[in-house]
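Here is a short briefing on one protein chain. Keep the structure open while reading. The points are grouped by topic.

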Amino acid sequence: MKLVFIWIQGSWKWTQARLLEDKYDFKLFESWTALRNIASENSELWKKVKKIIEAWDHVSPEIVENIMIDILENKSDWKNTIFDWFVRNIWNKESADKVLKDYTVVLFELSEEKARERLLWRMYNPKTWETFKSWTEFDPETWDKLEKRADDNKEAIIKRIKLYVDKALPLIEEYKEKWNLIVVNADQNVENVFEELVNKLNLK
């Protein structure tokens with residue numbers, strides 16, 4: 001089973017991915033992590049990706065596609081894998097269709113208002129870049145002190161949400177009849193979201 005997650009920021013999809021890893025032996029492929037790894041190398045691609053990441057900007061479709069192809073070709077077992085972040089606009093979809101071939105899209109649905117509320121108060125681990133709920137002070141796995149992300153300010157949040165609404169939602173509407181699409185209500189507590197996700201994926 002290949003799952004591609006689509007979400008508005010603040011829907012806590014990372015938590016759901018980790019639960020699928022822990023309870024159902026899924027593997028999580030995080031594009032952002034792959035890009036950060038590329039950014040730590042001494043190459044021309046490193047220079048491009050590092051500059052984009054530091055600006056919190058979007059990486060071009062050509063770079064993402066080449067990275068994905070390289071990674072997928074060098075790993076043979078992609079059974080039960082969650083592909084994080086990949087399909088948020090038309091060039092993401094074209095790359096996913098080319099690279100992944102067959103996949104199920106999971107949409108974590110959350111209102112713009114709730115997304116803004118969660119993002120304004122969330123915390124993150126500056127070493128791993130993983131995000132946590134607003135009342136969390138330390139990473140429960142590493143005990144690193146959490147911080148507020150510099151781009152989690154009102155102006156930046158509104159910009160990111162607008163990008164999702166303008167680019168991702170029209171794509172979802174256009175392709176929902178063609179995709180194998182599962183919609184999960186993310187405006188619930190973590191346990192209820194996971195229960196709904198597991199049921200809709202028919203996992204036992």
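Contact here means heavy atoms within 4.5 Å. Buried means under 20% relative accessible area, and exposed means over 50%. The model is predicted. It has eight helices and seven strands. Of its 204 residues, 47% count as buried. Take contacts between residues at least 6 apart in sequence: 66% of them join residues at least 24 apart.

- Helix 1 covers residues 13–24.
- Its 12 residues should span 16 Å at 1.5 Å a residue, and the end C-alpha atoms are 16 Å apart, so the two values agree.
- Which residues of helix 1 are buried? They are Lys13, Trp14, Gln16, Ala17, Leu19 and Leu20.
- An α-helix has 3.6 residues a turn, so residues three or four places apart point the same way.
- The buried residues of helix 1 pack against strand 1 (2–7), strand 2 (27–30), strand 3 (81–84), strand 4 (104–109) and strand 6 (131–132).
- Helix 8 (190–200) is also among the packing partners of these buried residues.

**Helix 1 against helix 8**

- The axes of helix 1 and helix 8 come within 10 Å and cross at roughly 60°.
- The crossing of helix 1 and helix 8 is right-handed.
- Helix 1 contributes Thr15, Gln16, Leu19, Leu20, Lys23 and Tyr24 to the contact.
- Helix 8 contributes Val190, Val193, Phe194, Leu197 and Val198.
- By class, the contact of helix 1 with helix 8 holds eight nonpolar residues, two polar and one charged.
- Gln16, Leu19 and Leu20 take part in this contact, and they are also among the buried residues of helix 1.

**Helix 6 against helix 7**

- Helix 6 (residues 112–121) packs on helix 7 at an angle of about 140°, with the axes 10 Å apart.
- That angle makes helix 6 oblique to helix 7, because angles count as roughly antiparallel when over 145 degrees.
- Helix 6 passes helix 7 in a right-handed crossing.
- On the helix 6 side, the contact residues are Glu112, Ala115, Arg116, Leu119 and Leu120.
- On the helix 7 side, they are Lys154, Ile157, Ile158, Arg160, Ile161 and Val165.
- This contact of helix 6 with helix 7 has seven nonpolar, no polar and four charged residues.

**Arg160**

- Arg160 lies in helix 7, which covers residues 154–175.
- Is Arg160 buried or exposed? Arg160 is buried, because its relative accessible area is 17%, and buried means under 20%.
- Leaving out residues up to four places away in sequence, Arg160 touches Gln9, Leu119, Arg122, Arg149, Asp151 and Asp152.
- One of these partners, Leu119, belongs to the helix 6 side of the contact with helix 7.

- Most residues other than glycine have a negative phi.
- Asp25 has a positive phi, near 60°, and is a residue other than glycine.
- Asp25 counts as exposed, because its relative accessibility is 62%.
- Trp143 has a positive phi of about 65° although Trp143 is not a glycine.
- Where is Trp143 found? Trp143 sits in the loop between strand 6 and helix 7.
- Trp143 is exposed, because its relative accessible area is 61%.

Conventions: Residues are numbered from 1 along each chain as its sequence is written. This is a predicted model: local features need pLDDT of at least 70, side-chain atom pairs count only at pLDDT 80 or more; totals for chains, interfaces and linings use all residues. Side-chain values use heavy atoms; hydrogens and water are left out. Helices (H or I, at least four residues) and strands (E, at least two) are DSSP runs, numbered from the N terminus. Buried means under 20% relative accessible area, exposed over 50%, partly exposed in between (1.4 Å probe, protein chains only). Axes are lines fitted to C-alpha atoms, for helices over the stretch in contact, and angles run from 0 to 180 degrees between N-to-C directions. Angles under 35 degrees count as roughly parallel, over 145 as roughly antiparallel, 65 to 115 as roughly perpendicular and the rest as oblique. A crossing is left-handed if the near helix is turned anticlockwise from the far one by less than a right angle, and right-handed if clockwise. Ala, Val, Leu, Ile, Met, Phe, Trp, Tyr, Cys and Pro count as nonpolar, Asp, Glu, Lys and Arg as charged, and the others, Gly among them, as polar. The expected span of a helix is 1.5 Å times one less than its number of residues.
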